[in-house]
Amino acid sequence: MRQRYLSVAALASALSLMIFAAHSLSGQSPAPASKQTPAKSPAPSAAAAKAAPAAKTPWGTPDLQGVWFVLADIPLERSAANAGKDFLTDEQMAEADRAKGLNPGRNARSENATNDVNGAYNAVFNSVLKTGRRTSMVIDPPDGHLPPRAPGAPAPAGRGGGGAARGGTNRDTGADNPETAGQLAGGSSMVRCFGVAMPFLPMNTLFGQGTVMQVVQSPKSVAIYMEDDHDGGGNRIIHMEGLPHPPASAKFYLGDSRGHWEGTTLVVETTNFLPGVLQPNLRISNSDAMKMTERITRVDANNLTREITVDDPKVWTRPWTAHIEMGKTDDARQMIFDSACHEGNHGMTGMLVGARRAEQAEKK
């Protein structure tokens, strides 16, 4: 029976080839690519896919939709060794990759994993990216460094408790409001899955923090999800109706985002930030005057750039801009994992009790 099926299949294939040859000899042109079934269409080469023009939405704007990922590991600020140098050579990139290693192992737990939860994580979810050509994400100031902090700006928070955004205190963040600093900036914001604070930059590429982004569009809004390891990620809604920002008295944890198109670039202005929220990547909290301007451009079918300008005169002496390059991935690869924030929920009771005790101590 199996041989019979194989014979039928072979006959069908032969007939298909004969029909195709007959059409070719008669001078008929093949069907347009748009009418071919995707499964039968030949996969384009990497060079052709990169050179293909960016797609557009049915309503005529550039199509940013899909899952995008950071292409390379690039530090936020330029190192002293690369002072005055915007880009690395091929040899320097290869040497950097050799130095850090690209295979940390699938089970790189530390010896004290039973006592230290930070050492108990399996390295199977690590994503070690190759070194990028740029020497820093910061492209303005031109020296590749963040500008000096403004007089009276909060000092950088410490790195205790598994990260700057975890286990912080009011003194760490510099915020005056215990409810804002202790519960939002101090750590429980992530336990409560409020989302990651802005700006969120891909500074810890090993654990996928800020390295994967999903975009969904409609004529009136753009939704962006930014993955953040196991801290719940961040969901933002960018309003595209042309309406103004809310009154300055209205404050939001992720700010209020309004977007418009400038040619092929989506320009997003975010204001009305809740003050005192610790920016986990920068280890410093923002003020109520912070404004963030993003420029998102789909360069071609497979490439996208993001430029983020932060203007917070109460924290930084001048605005600064970071440049990020991202590549397109097939949605079927499922590169975004469920970030459910469940791990930290075990500590919710202790965090709330500790916050109330701190408030009582301040009153005394």
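The following questions and answers walk through a predicted model of one protein chain.

Visitor: How many helices and how many strands does the secondary structure of the protein chain come to?
Guide: The protein chain has 364 residues, of which 38% count as buried. Its secondary structure comes to seven helices and twelve strands.

Visitor: What share of the contacts with a separation of 6 or more comes from residues 24 or more positions apart?
Guide: The count here covers contacts in the protein chain whose partners have a separation of 6 or more. Among these, the share from residues 24 or more positions apart is 60%.

Visitor: Which residues does Met 213 contact, leaving aside its neighbours within four places in sequence?
Guide: Met 213 is one of the residues that touch the most other members of the largest nonpolar core. Once the neighbours within four places in sequence are left aside, its contacts are Gly 66, Val 67, Trp 68, Ile 224, Tyr 225, Met 226, Leu 304, Arg 306 and Met 326.

Visitor: Is Ile 324 buried or exposed?
Guide: Ile 324 has its place in strand S12, and, not counting residues up to four places away in sequence, it touches Val 70, Met 137, Leu 201, Pro 202, Leu 304, Thr 305, Arg 306 and Ile 308. Its relative accessible area is 3%. Because the cut-off for burial is under 20%, Ile 324 counts as buried.

Visitor: What distance separates the C-alpha atoms of Ile 324 and Val 70?
Guide: Val 70 is among the residues that Ile 324 touches, although the two are 254 residues apart along the chain. The separation of their C-alpha atoms is 7.4 Å.

Visitor: Which residue's side chain does a polar contact of 2.7 Å join to that of Thr 265?
Guide: Thr 265 is found in strand S7 and is buried, with a relative accessible area of 11%. Leaving aside neighbours within four places in sequence, Thr 265 is in contact with His 260, Arg 295, Ile 296 and Thr 297. The polar contact of 2.7 Å runs from the side chain of Thr 265 to that of Thr 297.

Visitor: How many bridges join S7 to S10?
Guide: Strands S7 and S10 run antiparallel, and within this pairing Val 268 stands opposite Glu 294 in S10. The number of bridges that join S7 to S10 is six.

Visitor: Which residue in S11 is the bridge partner of Glu 294?
Guide: S10 also pairs with S11, in the antiparallel sense and over nine bridges, and a hairpin joins S10 to S11 through two residues. In S11, the bridge partner of Glu 294 is Ile 308.

Visitor: Does Leu 243 count as buried or exposed?
Guide: Leu 243 lies in the loop between strand S5 (234-239) and strand S6 (256-262). The C-alpha atoms of Leu 243 and Arg 258 are separated by 7.7 Å, with the two residues 15 apart along the chain. The relative accessibility of Leu 243 is 52%, and because the class in question requires a value over 50%, Leu 243 counts as exposed.

Definitions and conventions: Residues numbered from 1 in each chain as written. Predicted model: local features only at pLDDT ≥ 70, side-chain atom pairs only at ≥ 80, totals over all residues. Heavy atoms only, no water. Core = buried A, V, L, I, M, F, W, Y, C linked by side-chain atoms within 4.5 Å. Buried < 20%, exposed > 50% of the residue type's maximum accessible area, 1.4 Å probe, protein only. Contact = heavy atoms within 4.5 Å. Helix = DSSP H or I, 4+ residues; strand = E, 2+ residues; numbered from the N terminus. Polar contact = N/O pair within 3.5 Å; in protein donor to acceptor, adjacent residues only side chain to side chain. Pairing = 2+ DSSP bridges.
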